[in-house]
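Please open the structure in a viewer and keep the selection tool at hand. The tour goes from one selection to the next.

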Amino acid sequence: MEMTAVLPFMAMIVQQLAQVGSVVAAKEAMSTGMTTFTFTFYSSAFSTLLLIPLSFILHRSALPPFWPTFLYGFFLLGIIGFLMLVLGFLGLQYSSPLLSTAILQLVPGFTFILAVILRMENFEYKSLSTMAKSIGTLVSIIGAVVATLYKGPQVFGISSLNSILTSNPSAWVIGGLLTMISSLTASVFIISQAFVLKKYPAELVLMLFYSCCVTILCVVFSLITDRDLNSWSLSPNRRLLALIYSGLFGHVFQVSISSWCVRKRGPLFVVMFHPIGIVIAMAASIFMGEPIRVGSLVGSAIIVVGFYSVIWGKAKEWKMGDKSLESNSNNMPLLQNKADDLEVNP
């Protein structure tokens, strides 16, 4: 197998490692006393500093006109993204990297529901692909509920000081619910992003405005809610390292790899790798000493089944769409020849 064929596979594994690593880094930083707002502020500010030169270098000739429509769209994405990140990190504080990573697999199902509600996708109840997506979404939600409400006995890991909070059943449920809401917000973000990118197809510039907006919102909410100045400190060193990692391998890095792989192998190839993050998160949780319980394992397995059901239904639609395009392209020469005959023989 040629190296060019292997690269997308390697890239997606690295992307999943980076995604889970960002979750672990956030958990580690917040365990040292950082709040959700301060961590999100530093991470977004660092990403913004990286995106400023990249955006102007790669999209210098495609900077957006500062019309109110564009500004409203960018600001709306910033607010949605701010809610998505803050709710996700809050859920992570009350739960574990494994539960957070597993529940994030609900995003395709939630996106399907919202797309149907907004009439962006047809709901043909007799269609096999629609049934697969509907059943898969329901199964994924059931898996998330199982992982959230049922903890069960401990299977791996050892109890530590970091797991005292998550050992509380009510805290675990709160963490799971917050992560579910974050996944739903992520679906809203994806759909909103699609609308904005139709008018302005420059992902890096869009992310620059998004990161700036998230950074500003985090400053405002931090000044209101965070009274402890220690939460702004960059010491100890593990807190600083977690922030640097999150800034380097967070949204900018992950979206860049995903976009490249979508261009090389298509969207289905990219989403098929998402459940690998659950396995990586499990290994990371064991390494960190986080207890892994039966409920998380069973719920994660159910979520993965539902996830692949949704993706199978979507893949069937894409395949039917490709066949339709091929059929149209094959018919076009016949129509063209007929038109030429009419021009020659009026």
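The stops below cover a helix, a salt bridge and a surface patch. The model is predicted.

**Stop 1: helix 6**

Select residues 128-149, which make up helix 6. This helix has 22 residues, and from its first C-alpha to its last it reaches 31 Å, close to the 32 Å expected at 1.5 Å a residue.

Now colour the buried residues of helix 6: Ser129, Thr130, Ala132, Lys133, Gly136, Thr137, Ser140, Gly143, Ala144, Ala147 and Thr148. Turn the view to look down the axis of helix 6: these buried residues line one face of the helix, because they fall within an arc of 155 degrees. An α-helix has 3.6 residues a turn, so residues three or four places apart point the same way. Next, select Leu138 and Leu149, which are exposed on the other side of helix 6.

**Stop 2: the salt bridge**

How many salt bridges does a search of the whole structure find? It finds 1. Select Glu28 and Arg238 to see a salt bridge whose closest N and O atoms are 2.5 Å apart. The pair links distant parts of the chain, with Glu28 in helix 1 (residues 3-31) and Arg238 in helix 9, 210 residues apart. Glu28 counts as partly exposed, at 21% relative accessibility. Arg238 is also partly exposed, with a relative accessible area of 44%.

**Stop 3: the nonpolar patch**

Show the surface and select Leu234, Leu240, Leu241, Ile244, Leu248 and Phe249. Together they form a nonpolar patch with about 460 Å² of accessible area. One of them, Ile244, lies in helix 9, residues 237-249. Ile244 counts as partly exposed because its relative accessibility is 33%.

Definitions and conventions. Residues are numbered from 1 along each chain as its sequence is written. This is a predicted model: local features need pLDDT of at least 70, side-chain atom pairs count only at pLDDT 80 or more; totals for chains, interfaces and linings use all residues. Side-chain values use heavy atoms; hydrogens and water are left out. Helices (H or I, at least four residues) and strands (E, at least two) are DSSP runs, numbered from the N terminus. The expected span of a helix is 1.5 Å times one less than its number of residues. Buried means under 20% relative accessible area, exposed over 50%, partly exposed in between (1.4 Å probe, protein chains only). The arc is that of the directions from the helix axis to the C-beta atoms. Patches are made of residues with over 30% relative accessible area and no salt bridge: like charges are joined within 9 Å, nonpolar side chains (Val, Leu, Ile, Met, Phe, Trp, Tyr) within 5 Å. Accessible areas come from the Shrake-Rupley method with a 1.4 Å probe; for residues, only the protein chains shown count as cover. A salt bridge is a side-chain nitrogen of Lys or Arg within 4 Å of a carboxyl oxygen of Asp or Glu.
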